[in-house]
Amino acid sequence: MTGQERSEEKSECVSLSPMREAVPAPPECERVCVFGTGDLGRSLGLRLLQAGYGVVFGSRRPHSSSSLIPHGSQVLGHAAAAQSGHLIFIAVQREHYDFLVPLANQLKGKVLVDLSNNLRKNQYPEANAEYLQSLVPGAEVVKGFNTLSAWSLQKGPSDANRQVYICGESVQAKQAVMAVATKLGFSALDRGFLSVARELEDFPLQLFPQWRLPLYIATGLSAAFFFYLLIRDIIYAYFTQGKDISFRIMVSLANKVCPIVSLIMLSLCYLPGVLASFLQLYRGTKYRRFPDWLDRWMLCRKQLGLLALGFAFLHVLYTLIIPIRYYVRFKATERTVSVIRENRTTEFDTTTAWSGDSYLSLGILGFSLYVLLGITSLPSVSNVLSWREFSFIQSKLGHLTLLLCTAHTYLYGWNKFLSSSTYKWCTPPGYMLCLVLPSVVLLLKLLLITPCVDRTITRIRQGWERRADQRNPKNSQPLIP
């Protein structure tokens with residue numbers, strides 16, 4: 001090799017940046033190009049540099065952008081940058097795609113990764129990636145990385161944003177992009193052809209899609225029980241006794257609504273699993289789909305549980321501030337003064353003490369397990385648990401939590417269930433109404449764990465089918481799915 005050839009090879013492994021010193025490129029001289037020096041483009045470039053890639057930025061104003069880009073990269077004009085690498089990330093908005101049309105010859109045969117998103121759904125008649133492909137027909141356009149934010153690219157992948165969706169027409173182009181995503185620490189998923197690009201562009205526009213149904217349920221239950229208790233407690237006292245106790249709306253009424261909604265929503269977390277078990281038991285097979293409404297219900301159990309935990313937290317906070325309320329301190333002082341004036345004493349009631357302490361103890365234990373369920377639902381915690389451990393906590397301890405919270409509510413009522421004064425305007429208290437659903441869930445679960453029923457459910461989930469066994473009575477062993 002001549003000295004001139006060695007000099008040329010060395011120059012290929014050095015990246016020159018305007019107004020900056022020469023920076024050695026990675027050993028393999030593997031370069032990628034990023035069009036756009038905004039927040040997303042710079043964050044992506046930084047991650048690519050950290051992963052060992054050589055990064056060249058393309059900019060309309062390369063001289064003014066040189067101070068913005070990460071150290072170790074270089075910035076050139078779009079035409080010059082397009083010639084520096086085979087893989088080009090388009091980190092600009094659709095409105096600025098026009099600059100790519102004059103570069104059609106330089107971009108021919110290259111892989112263009114479209115990172116753009118829109119402000120709203122159906123903003124344009126076609127997907128941004130499809131529009132980009134029409135502008136540069138000679139390039140291979142791949143949609144990807146659009147579900148990641150600049151912040152997640154800077155901080156690196158986490159459990160909540162590790163997934164990267166890819167779509168495009170060329171298999172080789174998608175494989176190249178997926179290789180980059182994997183090297184950056186993300187998990188790439190091929191969603192198919194470029195016609196799926198609109199669906200991928202709609203992902204970042206979704207606003208808590210899995211939380212909508214749980215939020216509707218929580219809002220509906222809260223409103224229903226709030227007005228129900230408002231009528232029973234506040235309006236009833238005003239009409240029958242002429243008392244204005246509307247001040248109790250802020251704390252006392254809220255402290256009744258929160259535990260009621262929490263217990264009902266916790267029951268709704270475990271009711272679909274119980275219904276699914278009985279449905280499999282009735283059908284005698286696991287090879288039939290559940291109804292769509294049951295599928296959607298089961299998919300939002302995590303959100304139902306977290307909202308239930310939130311209402312339980314509010315109940316605990318409201319309970320803790322009860323001793324410092326003016327109304328409570330006033331009533332305690334008034335009772336003490338009344339006892340002194342009348343020179344009377346009250347005897348200690350052991351039964352009431354037992355019920356009160358048991359009520360508090362079960363509430364503390366139930367809330368502790370409640371918190372444990374919430375912690376194990378976090379991806380950072382659930383990822384380090386085996387399936388058996390996760391199932392034990394969420395199922396076994398989850399039903400135990402429901403049992404403790406239900407018993408806590410029963411002890412709250414204690415001997416009031418048969419008292420006629422409890423039923424104002426012939427309506428039961430709110431805590432009695434909220435006991436119906438958890439009691440039903442616990443009774444159904446009790447039936448499922450009986451040995452004969454549990455054994456049948458286990459066989460069905462292992463592949464046994466009742467109809468197949470009836471057609472061949474000699475075959476009593478579970479079928480291999």
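## Strand β6 and its neighbours

V34 has F89 in β6 as its bridge partner. The model here is a predicted one: local features need pLDDT of at least 70, side-chain atom pairs count only at pLDDT 80 or more, and totals for chains, interfaces and linings use all residues. Residues are numbered from 1 along each chain as its sequence is written, and side-chain values use heavy atoms, with hydrogens and water left out.

Strand β3 (residues 31–35) runs parallel to β6, and three bridges join the two. Strands here are DSSP runs of E with at least two residues, helices are runs of H or I with at least four, and both are numbered from the N terminus. Two strands count as paired if DSSP finds at least two bridges between them. β6 also pairs with strand β7 (residues 111–114), again in the parallel sense, this time over four bridges. On that side, L87 stands opposite V111 in β7.

## Where the β6 side chains go

Strand β6 covers residues 87–90, with L87 and F89 pointing one way and I88 and I90 the other way. Are these residues buried or exposed? All of them are buried, meaning under 20% relative accessible area; exposed is over 50%, and partly exposed lies in between (1.4 Å probe, protein chains only).

## Salt bridges

How many salt bridges are there? The count comes to 13, where a salt bridge is a side-chain nitrogen of Lys or Arg within 4 Å of a carboxyl oxygen of Asp or Glu. One of them joins K174 to D190, with the closest N and O atoms 3.2 Å apart. That pair links distant parts of the chain, since K174 sits in helix α8 (residues 171–183) and D190 in strand β10 (residues 187–190), 16 residues apart. K174 counts as buried because its relative accessibility is 6%, whereas D190, at 36%, is partly exposed.

E199 and R191 form another salt bridge, and their closest N and O atoms are 2.9 Å apart. Both ends get the partly exposed label: E199 has 36% relative accessibility, and R191 has 29%.

R232 forms a salt bridge with D233, the closest N and O atoms being 3.8 Å apart. Both of these residues are buried. Which residues belong to the network built from salt bridges that share partners? R232, D233, K256 and K424 are joined into one network this way.
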